[in-house]
Amino acid sequence: MDKVMSNKYVIALYVLPALLLILAIIYVPIVLTGYYGLTEWNGIGAMKFTGFDNYARVLQDNAFWQSAGHSLLLAVFSAVSLFGYLLVALVLSGKVKGANTFRKIYLIPMLLSSVAIAQLWLKVYHPTNGVLNSFLESLGFSNPPAWLAETSLVLGALFIPILWQYAGFYILIYYAALKNIPASLEEAAKIDGANAWQIAFRIKLPLIMEVIKVTIVLAVVGSLKYFDLIYVMTDGGPNGASEVMASYMYHQAFRGFDFGFGSAVGFVLLLICLIITWIIRKLTESKDTIQYS
Amino acid sequence: MTKKTVTSMLLLMLALTVVLAGCGGKSNDGGQAAGGNENAADSGSKVTINFMHLWPAGSSAQQNKLVNDIIAEYQNEHPNVTVKQEILENEQYKNKLKVISASNQLPDVGVTWAAGFLEPYAKGNLFAPLDDLLSGDLNGQFVSGTTEAYAIDKKTYALPIELNISPIYYNKAIFEKYNLEVPQTYDQFLQVVQTLTENGVAPIALGNKDRWTGSLWYMYMADRLGGADTLKNAINRTGTFEDPSLIQGAAEIQKLVDMNAFNKGFNGLSNDEGKSEFMNEQAAMYMMGTWELPNFTTNPDIPQEFKDKVGFFKFPSVEGGKGDINSWVGGPGVGLFVAENSKVKDEAKAFVNYFVQKWGEKSVVDAGVIPATKVDTAKVELPQLYIDLLNELNNASNLTLFADVQLKPDAAQTHLNMIQALFGKAVTPEEFAKKHEEAIAEGN
Amino acid sequence: MKIVSAGRLPAEQSYEGKSGLGKIGVGLLYVVLVAVACLQVLPLVWLFIFSLKNNQEVFNLPPFALPPSPHWENYAKVWTEGNISLYFFNSVWVTVISVVFTVLLASFVTFAITRMKWKGSKLVLGLFMIGLMIPIHSTLIPLFSMFLKLNLTDHPLSIILSYIAFNLPITIMILLGFYYALPREVEEASVIDGCSVNRMFFQIVLPMTSSVVATTAIINMIYNWNEFVFVNTFISSDKFKTLTVGVQNFIGQYTTDWGAIGATLMISILPILISFFIMSNRIVEGIAAGSVKG
């Protein structure tokens with residue numbers, strides 16, 4: 001058994017194509033990004049090697065740390081909302097009549113491109129004739145806020161569409177994981193007299209723990225480098241109140257022509273992701289992996 | 001699945017890997033294989049000019065058609081030349097320009113913005129100087145002062161094809177309803193704002209998410225208070241943003257915000273959204289460049305009754321200020337560059353030369369774009385609003401280029417962010433000035 | 001497959017309450033489920049209405065109000081605007097190739113990492129995970145210059161390779177959780193039967209994981225279909241561009257034709273909606289197939 005499963009030739013065949021591909025297409029840029037970060041470069045003409053100047057600048061840059069704070073906040077919200085997605089997936093994977101249809105419908109927003117989602121939510125948040133404010137006014141609030149223009153509200157207002165945008169993604173993964181649990185397990189539990197909640201929390205959740213751990217990492221890393229909707233809906237504004245790390249990097253490199261500094265920001269973003277992922281892995285480490293039996 | 005198919009699939013993958021693995025080793029022998037087209041520029045032989053621009057057929061049908069017409073004519077006259085277009089939308093265009101210039105792969109001809117945007121490209125020797133064209137056919141054809149915006153160290157790196165000024169458009173019907181006159185002085189203007197807010201009409205439509213939109217207002221304040229040179233000097237470092245008139249200008253902006261002069265939530269709205277407040281007659285005034293004119297004259301999608309209501313006035317003069325009411329914020333918009341390392345540089349220059357002239361003859365009539373070359377208003381048939389504004393342009397005592405274009409890219413970012421902060425009252429006028437000083441000092 | 005379907009509990013049983021409270025609970029659950037479902041369909045309805053408006057109506061009318069005269073010409077405009085069918089075709093084949101390769105390669109890697117024993121598997125997994133963390137905008141300049149040296153700029157391979165590479169990490173991460181949960185007995189049994197690793201992978205493991213394979217395929221498909229940064233940067237010829245470029249066609253220097261953008265988005269969402277519905281069934285069938293073997 002062990003001999004078959006550690007056949008070097010097969011392992012190489014299975015791993016190398018993908019590995020070489022990401023080494024070429026992801027690692028070369030990562031290394032180069034790290035290197036650009038060591039230079040003063042406007043993207044045109046000669047690079048001037050400046051050592052760790054840019055990195056020092058990033059670490060001392062209040063605007064960067066403010067954006068990092070926003071990204072972290074988004075990461076926390078995304079991780080917490082996983083619980084909600086899990087709940088939806090549990091319900092849908094149960095034997096609810098029409099679950100199949102519900103599941104498909106629930107995932108529809110996931111198919112929309114960010115361009116469409118951004119336009120939709122801009123219409124929701126419009127200060128005077130937006131869906132939300134029209135609704136609030138009909139409830140008797142005389143002067144509802146301009147959601148995307150108030151520095152204190154804008155971040156929260158952006159998180160909602162972002163979390164909503166990804167709901168389908170996680171529900172889909174959880175659903176597939178739950179559906180992968182052999183039906184025999186559930187039947188056995190039922191015969192033992194377990195109710196729906198017990199089956200869900202005592203049997204199903206432990207079995208998909210590995211999947212849940214993975215989604216936590218995905219949600220956190222995805223949030224830390226999140227860019228799309230923020231870029232379209234507020235462009236980091238007003239006054240930097242919704243700037244996140246990736247949009248800050250973009251603004252520095254592409255708008256400000258400060259590619260050296262922008263690259264340093266990109267690289268620090270990568271390091272922050274690494275550290276946080278490592279912490280998550282440590283926190284969620286378990287001795288055994290539970291398998292279906 | 002049989003073993004055979006598995007094996008062949010794996011082989012396929014391996015082949016893919018080999019292709020990719022090649023990139024590590026091969027990376028140097030390519031050298032500067034620039035240009036991207038294999039046409040050697042032997043005179044008379046076939047030549048392809050790559051032309052990258054930002055007028056897609058969908059959104060800019062008239063500009064797109066004009067470009068295609070000019071290219072077709074040019075190719076007719078020069079059968080050996082093919083002009084190949086690549087079209088990207090504004091934002092993507094800027095991004096791509098940035099990426100390809102890092103690899104020195106600019107198209108032979110492309111679109112650029114003036115001053116601060118152009119400077120890194122010019123200093124990095126990516127754009128070719130076009131002064132020979134200026135002293136040739138095009139001598140004297142440009143409105144004076146327009147080509148200077150594309151000059152770095154006395155060389156001109158692009159030729160402008162657009163010229164804009166920014167008036168305040170207003171809704172005549174709303175003004176009439178509240179018995180308002182077009183304001184000549186800033187005090188009268190404030191009176192107008194006051195009356196409109198009292199009657200529940202948003203005085204000014206503004207979408208300040210885009211930030212350059214608010215910058216227009218600040219620039220006029222600065223101009224009317226400090227005169228045309230104060231802001232220019234602050235930017236070119238012979239002066240300072242901490243000049244009392246510039247600080248006062250910032251303070252006046254916040255006073256307008258306090259008066260609720262701008263539509264609700266302006267800092268969270270894009271220019272398109274802000275503009276719609278004016279277009280649907282919920283706001284009475286809207287300051288924007290003359291590129292907006294087709295919407296008030298020729299655009300068939302917009303009801304004629306609305307178009308008839310639109311008039312314009314100049315930003316009023318301020319009592320005690322040094323500015324002149326005929327001084328405008330505006331200037332040339334986009335221009336054409338030729339890539340310095342283009343393999344077909346001479347042909348590309350000839351094409352630009354031709355393009356600028358033809359564009360100048362037709363753009364205002366065909367596409368509603370005011371060119372940077374002189375337009376004889378007597379010769380062309382135009383809506384009255386165009387004629388009036390073209391006349392204003394001819395009488396302009398000064399044109400101040402948009403601040404975010406004048407400034408270097410990173411300082412421009414600070415300026416724009418500060419504009420949003422100023423309008424959102426997140427900074428005081430003094431801090432506003434100080435941040436500008438810091439950002440510009442850093443860039444030098 | 002039928003074996004498993006037959007083995008499933010009848011639909012009503014699992015939430016069948018033992019008391020009246022349970023019944024009310026089930027009723028409430030359905031009310032919530034239906035309400036959420038309506039909410040999730042609204043974006044599509046909105047997009048459709050949006051696509052029938054002109055610029056004035058997009059901004060003036062409430063989002064869900066139909067314009068007085070629907071602008072069907074937006075669709076005509078988008079369709080006749082040339083090249084849409086070409087972009088469409090490009091989108092399809094680029095997406096299909098990328099998805100197939102990503103999912104297959106990712107399955108290989110995940111299988112080797114989770115089921116096979118070798119030194120360095122942790123390191124390789126780490127390398128893939130780091131691949132998740134790089135923001136794409138910081139890769140554009142180095143990638144472009146790399147493709148340039150390989151003569152791959154303005155070549156569909158540049159975007160296909162980028163799609164595969166950038167989607168591999170996330171695909172592997174998703175597969176990972178599922179592979180960990182597969183019972184060891186599977187390999188043991190097949191090794192005893194004298195199966196080669198290849199046969200085990202293709203005949204047993206891949207079918208067993210087909211529900212997650214379908215899941216990752218859907219996710220990959222959506223990502224690739226909507227991607228535009230790489231296309232814009234690496235591709236300059238019209239003949240290789242994809243549908244997302246169609247949206248750009250309506251964004252101008254100073255004005256944007258929002259209705260036409262809505263129509264383009266509407267057209268481009270249809271194929272993905274249909275394939276999503278089809279593939280989404282695979283998730284359920286996948287379980288059936290998996291359970292037979294398990």
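Guide: This is a predicted model. In chain B, five strands make up an open sheet with mixed pairing, and their order is S2-S1-S3-S13-S6.

Visitor: Which strands stand at the edges?

Guide: Strand S2 (81-87) and strand S6 (159-160) of chain B do. Each has a single partner strand, so one side of each lacks a neighbour in the sheet.

Visitor: How do S1 and S3 of chain B run, parallel or antiparallel?

Guide: Strand S1 (residues 47-53) and strand S3 (residues 109-112) of chain B run parallel and are joined by two bridges. Met52(B) is found opposite Gly110(B) in S3(B).

Visitor: What packs on the sheet?

Guide: Helix H2 (residues 61-77) of chain B packs there, touching S1 and S2 of chain B, and its direction makes about 160 degrees with that of S2(B). Helix H14 (residues 345-367) of chain B also packs on the sheet. H14 touches S1, S2, S3, S6 and strand S13 (335-338) of chain B, and its direction makes about 165 degrees with that of S13(B).

Visitor: How is chain B divided into domains?

Guide: Domain 1 of chain B covers 47-162 + 333-375, and domain 2 covers 165-330 + 401-443. The contact between them takes 10 residues from domain 1 of chain B and 12 residues from domain 2 of chain B. On the domain 1 side, the residues are seven nonpolar, two polar and one charged.

Visitor: And how far apart are the two C-alpha centres?

Guide: The C-alpha centres of domain 1 and domain 2 of chain B are 30 Å apart.

Visitor: Now to the chains. How many residues of chain B are in contact with chain C?

Guide: There are 33 residues of chain B in contact with 30 residues of chain C. Helix H1 (3-26), H3 and helix H11 (271-279) of chain B are the elements that give two or more residues to the chain B side. H3(B) gives the most, with six residues. By class, the chain B side has 14 nonpolar, 11 polar and eight charged residues.

Visitor: What does H3(B) pack with in chain C?

Guide: Helix H3 (residues 90-102) of chain B packs with H7(C) at an angle of about 55 degrees, the axes being 9 Å apart. The two helices are therefore oblique to each other, and H3(B) passes H7(C) in a right-handed crossing. Val99(B), Ile100(B) and Ala102(B) of H3(B) make this contact with Leu140(C), Ile141(C), Phe144(C) and Ser145(C) of H7(C). Six of these residues are nonpolar, one is polar and none is charged.

Visitor: What of chain A and chain C?

Guide: Here 83 residues of chain A are in contact with 89 residues of chain C. H2(A) gives the most to the chain A side, with 16 residues. That side has 58 nonpolar, 16 polar and nine charged residues.

Visitor: How does H2(A) cross H7(C)?

Guide: The axes of helix H2 (residues 8-36) of chain A and helix H7 (residues 140-149) of chain C come within 8 Å and cross at roughly 120 degrees. H2(A) and H7(C) are therefore oblique to each other, and the crossing is right-handed.

Visitor: Which residues meet there?

Guide: From H2(A), Ile25(A), Val28(A), Pro29(A), Leu32(A) and Thr33(A) meet Pro142(C), Leu143(C) and Met146(C) of H7(C). This contact has seven nonpolar residues, one polar residue and no charged residues.

How values were computed. Residues are numbered from 1 along each chain as its sequence is written. Chains are lettered from A and ligands numbered from 1 in the order in which they are written. This is a predicted model: local features need pLDDT of at least 70, side-chain atom pairs count only at pLDDT 80 or more; totals for chains, interfaces and linings use all residues. Domain bounds come from an automatic or database domain assignment. Two residues are in contact if their C-beta atoms, placed from the backbone, lie within 7 Å. Ala, Val, Leu, Ile, Met, Phe, Trp, Tyr, Cys and Pro count as nonpolar, Asp, Glu, Lys and Arg as charged, and the others, Gly among them, as polar. Axes are lines fitted to C-alpha atoms, for helices over the stretch in contact, and angles run from 0 to 180 degrees between N-to-C directions. Helices (H or I, at least four residues) and strands (E, at least two) are DSSP runs, numbered from the N terminus. Angles under 35 degrees count as roughly parallel, over 145 as roughly antiparallel, 65 to 115 as roughly perpendicular and the rest as oblique. A crossing is left-handed if the near helix is turned anticlockwise from the far one by less than a right angle, and right-handed if clockwise. Two strands pair if DSSP finds at least two bridges between them.
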